[in-house]
Amino acid sequence: MIKRLCLLLLIANYCTAQNLPSRWDELVASDWSKALQQSDSTCILPIGILEKHGPHAPIGSDLIHVREWAARATKKEYAVVFPDYFYGQINEARHQPGTFSLPPTVVWDLLDATCTEIARNGFKKIVIINGHGGNPNLLQYFVQTQLDKKRDYAVYFFTPGRDSAYNSKVTGLRKSDPASDQHAGENETSTLLYLRPELVKMDSAKIESGNNLKRLSIPNVYTAIWWYANYPNHYAGEGDKATAGFGKVITDNTVESLAKALKAIKADNKTLQLQNEFFDRVLGDEHQHNSSIADNLARLRAMLDSGELTKEEYNAAKRKALKE
Ligand SMILES: [Zn+2]
């Protein structure tokens, strides 16, 4: 009887562990510490965007991608997944309907505050996964600025790995020119056809051109208007060539790569350890604090010498200054 009870308890325990949702917004508060433990304090922040995806693919395509990757990868390697986040750099599509583009400082502050708030809830490792082509420069700079002040968490930025077997599979399946297959083209439309076919209007994929119009060409120079100059339809590639089969190959590779990265991040103690070591050597606030103590002591010494303070008053004030 006891044996059977133990077995039942074991199974029940196993089931709760299995059923622990990954989505932050689907967890119950009483399971929070269990989620922290099971995730090794790891939270994924999937970042998408709201922008036109050619004439045929949904405005939230990038968000759909990152959420699906996170949902699938966390089935293999548990982590908590932050809810829908679609605030990033998308100034270049503001002439198209459905684009949601916040002012740059709001985008920045929101991302920083979101990470701080995720960490306040107990997470030590925040994994940004990005689905939008206009975001990597912003996100890389954001990660670099994590060293501006001491934090008790680390931010990791995931990029899917691609080995030669995958690359040759992709080359065999792709029908359009890889150089022009960018935004809502064959690649992106294929993954959507695989993940959310009901949202793709394949019969509209050719009503606009996804060709590079090359309307601006200044060698070795970067401008803000370059994308609009090339792709005013906010469409780059040939979405009509997409297939769900191609989409599955791309998605499986990304999910596999993300699950691998999650496993490594969960096991990683080095990043935070080095981050802490780094801050111990940074001459920042602490250095300033120490020099203000030295200034105070010098001022007290001068007051003692001029007779403004008695020896006892000086000693008491000195003790106080050293404690601060
Ligand atoms: Zn996209």
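This is a predicted model: local features need pLDDT of at least 70, side-chain atom pairs count only at pLDDT 80 or more; totals for chains, interfaces and linings use all residues.
Strand β1, residues 42-47, is joined to β2 by two bridges, and the two strands run parallel. On β3, six bridges tie that strand to β1, again in parallel, and here Ile 44 stands opposite Val 127. Four strands in the order β2-β1-β3-β4 make up an open sheet with parallel pairing. The edges are taken by β2 (80-81) and β4 (154-158), each of which has a single partner strand, so one side of each is left without a neighbour in the sheet. Helix α3, residues 61-76, packs on this sheet, where it touches β1, β2 and β3 (125-130), and its direction makes about 155° with that of β1.

**The contact of α7 with α9**

Helix α7 (residues 186-195) packs against helix α9 (residues 244-267) at an angle of about 95°, and their axes are 7 Å apart. Since angles of 65 to 115 degrees count as roughly perpendicular, the two helices α7 and α9 are therefore roughly perpendicular to each other. On the α7 side the contact is made by Asn 187, Ser 190, Thr 191, Leu 192, Leu 193, Tyr 194 and Leu 195, which meet Ala 244, Phe 246, Gly 247, Lys 248, Ile 250 and Thr 251 in α9. Sorted by class, the residues of this contact are seven nonpolar, five polar and one charged.

**Arg 215 in a loop**

Arg 215 lies in the loop between α7 and α8 (226-230). With 12 other C-beta atoms within 10 Å, Arg 215 is exposed, because a residue with 12 or fewer such atoms falls in that class. Leaving aside residues up to four places away in sequence, Arg 215 touches Ala 229 and Asn 230. Between Arg 215 and Gln 140 there are 75 residues of separation in sequence and 29 Å in space, taken from C-alpha to C-alpha.

**The chain as a whole**

The protein chain has twelve helices and four strands. Its radius of gyration is 27 Å, well over the 20 Å that the globule rule gives for 324 residues, so the chain is more spread out than a compact globule. The C-alpha trace spans about 90 × 80 × 35 Å along its principal axes. Of the 324 residues in the protein chain, 29% are buried. Among contacts with a separation of 6 or more, 78% are between residues 24 or more positions apart.

Key:
Residues are numbered from 1 along each chain as its sequence is written. Axes are lines fitted to C-alpha atoms, for helices over the stretch in contact, and angles run from 0 to 180 degrees between N-to-C directions. Angles under 35 degrees count as roughly parallel, over 145 as roughly antiparallel, 65 to 115 as roughly perpendicular and the rest as oblique. Two residues are in contact if their C-beta atoms, placed from the backbone, lie within 7 Å. Ala, Val, Leu, Ile, Met, Phe, Trp, Tyr, Cys and Pro count as nonpolar, Asp, Glu, Lys and Arg as charged, and the others, Gly among them, as polar. Two strands pair if DSSP finds at least two bridges between them. The radius of gyration is taken over C-alpha atoms; the globule rule is 2.2 Å times the number of residues to the power 0.38. A residue is buried if 20 or more other C-beta atoms lie within 10 Å of its own, exposed if 12 or fewer, and partly exposed in between; C-beta atoms are placed from the backbone.
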